[in-house]
Amino acid sequence: MDQVGITVKEETDSVWKSPWGAPNKVMSPCSLADVMSEQLAKQLQLDEENVGFPSNVDVNEPLITGDNIDTASDLMLAQMMQMEFDREFDTQLRREEKKFNGESKVSVSFENYRMVHPYDDSDSSEGEVDWQDTCHDPYRPDKPTTTPKKGFVGKGKNITTKHDEVVCGRKNTARMDNFAPEVQVGDGVGMDLKLSNQVFNALKQHCYSEQRRSARLHEKKEHSTAEQAVDPKTRLLMYKMVNAGTLEAINGCFSTGKESVVFHAKGGSIEDQAVPEECAIKVFKTTLNEFKNRDKYIKDDYRFKDRFSKLNPRKIIRMWAEKEMHNLARMQKAGIPCPEVVILKKHILVMSFIGEKQVPAPKLKEIKLSSEDMKQAYYQVLHMMQQLYQECNLVHADLSEYNMLWHNGKVWLIDVSQSVEPTHPHGLEFLFRDCRNVSLFFQKVGVSEAMNEYELFNAVSGLNITADNEGEFIAQIEALEKMNEDHVQKRGKKAPSYHSDDWGPLMKNSG
């Protein structure tokens, strides 16, 4: 086989050298058999790989520029370009850091965002030291030095005692760090703030007072039912009702008042007795903040006079709930439309729900009735007031358009926890107030048959009081109350014994 010479012509002219191009190399001639040899092919492949991807790159070797750079390696070119990009990025980052901090005493460092590479950065100063790598933080102020046991430092005119105004001021500023975490004292040490003893003691006393007040508020919130009437003990009682099967589920709150909060619930069963499908849970508030005068409705009521204790609010609330249960039982016995009592447990009263499909019945104040329906409602209210006074021996004491519901074409009475007997020292005054509220409401909505408060009072009570003005009318009422109170005291009447039907279906005061 003839040898075929493969030669590369050398150019004798001047060759233009590109910094990004590879130098022209002269290859020695070889035969065709050598070209077809597998060993030669492998050797050529290994040589190309070693040239394109050098196995060992000395990163500590100083960088060189010029014609002697081996630009045939793509890896070397990529590293050089990446190094230039990193330098530009770090330079821009320093500019942004300097612009962001400005003249501020507290500076923000962008060192964590620098591009870290193995090559030396010629732009950075040789003496620069990263403060994050040192034990001392130049931006953190030093705390004031302590005074030695001897009580002074220095000598002669430069002596400084522990009572020095500047030293004491700085120490007081440092002591503010010992205040409670919720007290925001700021960076007084960094600002070189000097607090006098008087100011520091005042701040310290204020912080202690706030801590005690916060503890009292927290304890009051945990042990009271002022916030939607549900404290941990109340929630536990409600959970027990659900676990016992008395209630299937407790839904949201649909009514709030000065004395209680009312929730909607689905009824279950009690001792194989069916509970209404929809129930209302009335939870009486255990705080007297919103209804502080409720004690006058209990302490002068002969049914609860001996059991009244002004020192224990929770006992008063239980009596308040028990009082409403007794009043509802009397009204239900007389046939007056009112909620049906299901169970009483401490200050939680479960009753039947007046409404449909979790929607409570509207109040007379909210609903718009025709003139005929409003006239019918007036006569119903008049009849219920007479029944309440004559048959139930009760005075509502808070009767108004807000405590009367319209459901299934008739009026229902609610909120009778404050109701008292006519023998109460202020019973007739409460009745006159109810008559005034009812008379003004129905006259305002256009019921022409509505009587005034004086006529309505006589119609309900059966008395025949005549007076020219309101002052004389009230004076006669107070005289009757005084006579009744003297009569009761002479007879020595106390809490009467209740009939079995007056206690309602179920009463459970035990936990």
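I looked up the largest pocket, and its volume is about 740 Å³. I worked on a predicted model, in which local features need pLDDT of at least 70, side-chain atom pairs count only at pLDDT 80 or more, and totals for chains, interfaces and linings use all residues. Residues are numbered from 1 along each chain as its sequence is written, and side-chain values use heavy atoms, with hydrogens and water left out.

**Entry 1: the pocket.** I recorded 35 lining residues, of which S255, Y402, N403, I414 and D415 lie nearest the centre of the largest pocket. Two or more lining residues come from each of β3 (247-256), β4 (260-267), β7 (278-284), α7 (313-334), β9 (348-352) and α9. The element that gives the most is β3, with three residues. I took helices (H or I, at least four residues) and strands (E, at least two) as DSSP runs, numbered from the N terminus. On a 1 Å grid over the protein atoms alone, a pocket is an open set of points with protein on both sides within 12 Å along at least five of seven lines, a cavity is a set where a 1.4 Å probe fits but cannot get out, and lining residues have an atom within 4 Å of a point. Grid points are joined across faces, edges and corners, and a volume is the space filled by probe spheres set on the points.

**Entry 2: the cavity.** I searched the whole structure and noted one cavity of 30 Å³ or more. The volume of the largest cavity is about 50 Å³. Its lining consists of M385, L388, Y389, L394, V395, H396, L399, L431 and D434. Helix α8 gives the most to this lining, with three residues.

**Entry 3: α8 with α9.** I found that the axes of α8 (residues 371-390) and α9 (residues 427-444) come within 11 Å and cross at roughly 175°. The two helices are therefore roughly antiparallel, a term for angles over 145 degrees, while under 35 counts as roughly parallel, 65 to 115 as roughly perpendicular and the rest as oblique. Axes are lines fitted to C-alpha atoms, for helices over the stretch in contact, and angles run from 0 to 180 degrees between N-to-C directions. The contact (heavy atoms within 4.5 Å) includes M385 and Y389 of α8 and L431 and D434 of α9.

**Entry 4: α8 with α10.** I noted that the axes of α8 and α10 (residues 453-461) come within 8 Å and cross at roughly 50°. Helix α8 is therefore oblique to α10. M385 and Y389 of α8 are among the residues of this contact, and α10 contributes L456, A459, V460 and S461.
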